[in-house]
Each structure stands twice: as C-alpha cells, then as structure tokens.
Amino acid sequence: MSRTAIVIGCGGTIGSAWAIAALLALAEQTGIDPRNADVLQGTSSGAELVTLLAGGVGVDELVDMQRGRAHDRRLREHIASTPASRPPMPRPPLLNSGLQRTHSGLAAFTVMAPTGRGDMGWLQRLAEGFEVGAWLPHPAARMVAYDILARERVVFGAPGAPFATVSEALRASWATPGWMTPVPIGNRIFVDGGISSTASVDLLSPEDADRIYVIAPMASAPGVRVPGTGGVVEHRLLRRPMSAGLAAEIEAVRARGTTVVPILPTATDLAGLGAHFMSRSHRAAAFESAMTTAPTTVRDALAG
C-alpha cells in the first residue's frame, strides 16, 4: 500500500507563509489532505506547521490564519504573536569557541554565534494548545532539531528518538542561532534543525514512505535567488548551501527507490517574498503574493 510523507523545511515567518500557499495548491491539485499524510516532518518553521497540521488544523484554516480571519482562538493568538522582524540584543556565545573546528557549514557559525534571547513563549503556547497526552494527535508527526554538542540531527517523534514534549521539540527545532535561545533537553543542547539541513528529507526511512512531497522555502533550483542586493547576501549565506544540501539528500533518497517531489520557490515566488525571511511587516503581502504564484510552482513540480 502506498505511503506518503510531507516534509516542510525551514523558512522563518516569510517561508512559513509561502509554505501554506504551497500546501493549499498541493491539496487542490492532488486531492491530498496534508493532515492525512502517513508522515509529517518539519524543521524550524516547518515544525510549526507540522504542529498545526498534526493537531488537526486544515490547510483552509491555515490560510484564514494568515489572513487574520481564523475562527479558532489558538490560531488567532498564534498569528498575532508572530516574532518581531529583528531579534533582541543577544548574549555572548553559549558554547566554547574551540568547538567551531568540529563543525562545518552553518553549524560552525552556530557555535560562534551570540546566544539568542528571543522569547519562544508563542511556540510553547502553540504546542500546549494542540498536544494530546505525550505527543500530537497525528502518530507520525516529527520535528528535526540539531544537537550542537553531539553534532547530529535528531528527529523528535520518530522511532528511537529521545523523548521530548511537543513544546520542547518545537522550540528546539525553531531555535534559530543568534535569535532564539538554545533548548536543553536532558543533557543535550538543541538548536534550529535548519542549520544542518533545510528539510532533512534523508532522515526518512524507506519504510516511512514511498512518495515524499518536500516543501522547502529556503531551497531553490541552482542560480535562483531573491532579486536585489539582499537576495545576493541571502543566496550566498543561506539559500545556495541549503539548496545544494537538499539536492544531495533528494538524490540519495531517490537512489533507494523512493519518489521525491520537491516543491521549491521559483524566481517568481521569491520576487514577492523578499530577502528578509523574518519580516513580520511583510508577512501579509508575501502571503498574498505566494497565493498567486504557488499554484503554478506546485503544478510544475508535480509535472516534473
């Protein structure tokens, strides 16, 4: 019997808005209700969306949330609590700088980055609003975080993963270096899973799914970037390495016989999203732009 996974990558405030537009287009064009996917896996802002979907929130309700007309009080309060566009003044780095040489890529930057002081109470409240018992209603909801000391990704909610509450897993997955506070769970320290992989599609096993839809706001086809100077910086620091990493993961997963459908923002999408992925003031406009561009992007991805 066919099994389907939906994987949602990191992307901050703006990437999350685009991902919701992409989820709506995917649902409309395939008939899939994302809530019913066999596996739901998210990283950072993708983990936020997985919390909502796995908690029973439909894509139409996510659209209403973005437009400020959600009926569910939890959704109204959540969108009203969108983080500010700039982080509070950070503290000195949490970890010894000597650890930098044991990491590579964005993880090396994370070791040296100042410790974020952003309030993650909005994520705590979201998790507490949808958790049932020890986890979420969806039995295969997963959230990816990065263990900075062990130098490895951890998929909370997956078989064999260390125990974490929904709040711990969500905050750990969203703990953007320099912005949010690292999250201790047991004797381990976790930060945003996106610093190691934008979507961690390679961490799904062949038994998890034979078809994977990957919605990755921070990855694009080679050379595709946000226009302007800000887009150049975003591309060099984030989008280009994240895109290359995701491409390698997809190739490896396809090599084992799994169908992977990457849904990535095109140049047309990115023109409406902008380079500042945490821009609260641009969220509404970015979402409406995505609602016009994402259907074509998803249609082309499904055809490819």
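**Figure 1. Burial of W122 and W174 in the predicted model.** W122 and W174 are both buried; here buried means under 20% relative accessible area, exposed over 50%, and partly exposed in between, with a 1.4 Å probe and protein chains only. The ring centres of W122 and W174 are 5.4 Å apart and the ring planes stand at 75 degrees, so this pair is edge-to-face. Rings of Phe, Tyr and Trp (its six-membered ring) are paired if their centres lie within 6.5 Å, with planes under 30 degrees apart counted as stacked, over 60 as edge-to-face and the rest as tilted. W122 belongs to helix 6 (residues 121-130) and W174 to helix 7 (residues 166-174), so the pair ties together parts 52 residues apart in sequence. Helices (H or I, at least four residues) and strands (E, at least two) are DSSP runs numbered from the N terminus. The model is predicted, local features need pLDDT of at least 70 and side-chain atom pairs count only at pLDDT 80 or more, while totals for chains, interfaces and linings use all residues. Residues are numbered from 1 along each chain as its sequence is written, and side-chain values use heavy atoms, with hydrogens and water left out.

**Figure 2. The F156 and F190 ring pair.** A search of the whole structure finds two aromatic pairs. In the pair formed by F156 and F190, the ring centres are 5.1 Å apart and the planes are at 65 degrees, so the geometry is edge-to-face. F156 sits in strand 4 (residues 152-156) and F190 in strand 6 (residues 188-192), so that the pair links distant parts of the chain, 34 residues apart. F156 has a relative accessible area of 1% and is buried. F190 also counts as buried, at 1% relative accessibility.

**Figure 3. Helix 7.** Eight of the nine residues of helix 7 are buried, and the helix is mostly covered. The buried residues of helix 7 are V166, S167, A169, L170, R171, A172, S173 and W174.

**Figure 4. Surroundings of P83.** P83 is found in the loop between helix 4 (73-80) and helix 5 (105-112). Its relative accessible area is 10%, so P83 is buried. Leaving aside residues up to four places away in sequence, P83 touches T13, W122, M180, M278 and R280; contact means heavy atoms within 4.5 Å. P83 and H276 are 193 residues apart along the chain, and their C-alpha atoms are separated by 13 Å.

**Figure 5. A284 in helix 10.** A284 lies in helix 10 (residues 283-303). With a relative accessible area of 40%, A284 is partly exposed. A284 and L26 are 258 residues apart in sequence, and the C-alpha to C-alpha distance between them is 21 Å.

Figure 6. The protein chain has 10 helices and eight strands. Its radius of gyration is 18 Å, close to the 19 Å that the globule rule gives for 304 residues, so the chain is as compact as a globular protein of that length. The radius is taken over C-alpha atoms, and the rule is 2.2 Å times the number of residues to the power 0.38. The C-alpha trace spans about 50 × 45 × 45 Å along its principal axes. Of the 304 residues, 55% are buried. Among contacts with a separation of 6 or more, 75% join residues 24 or more positions apart.
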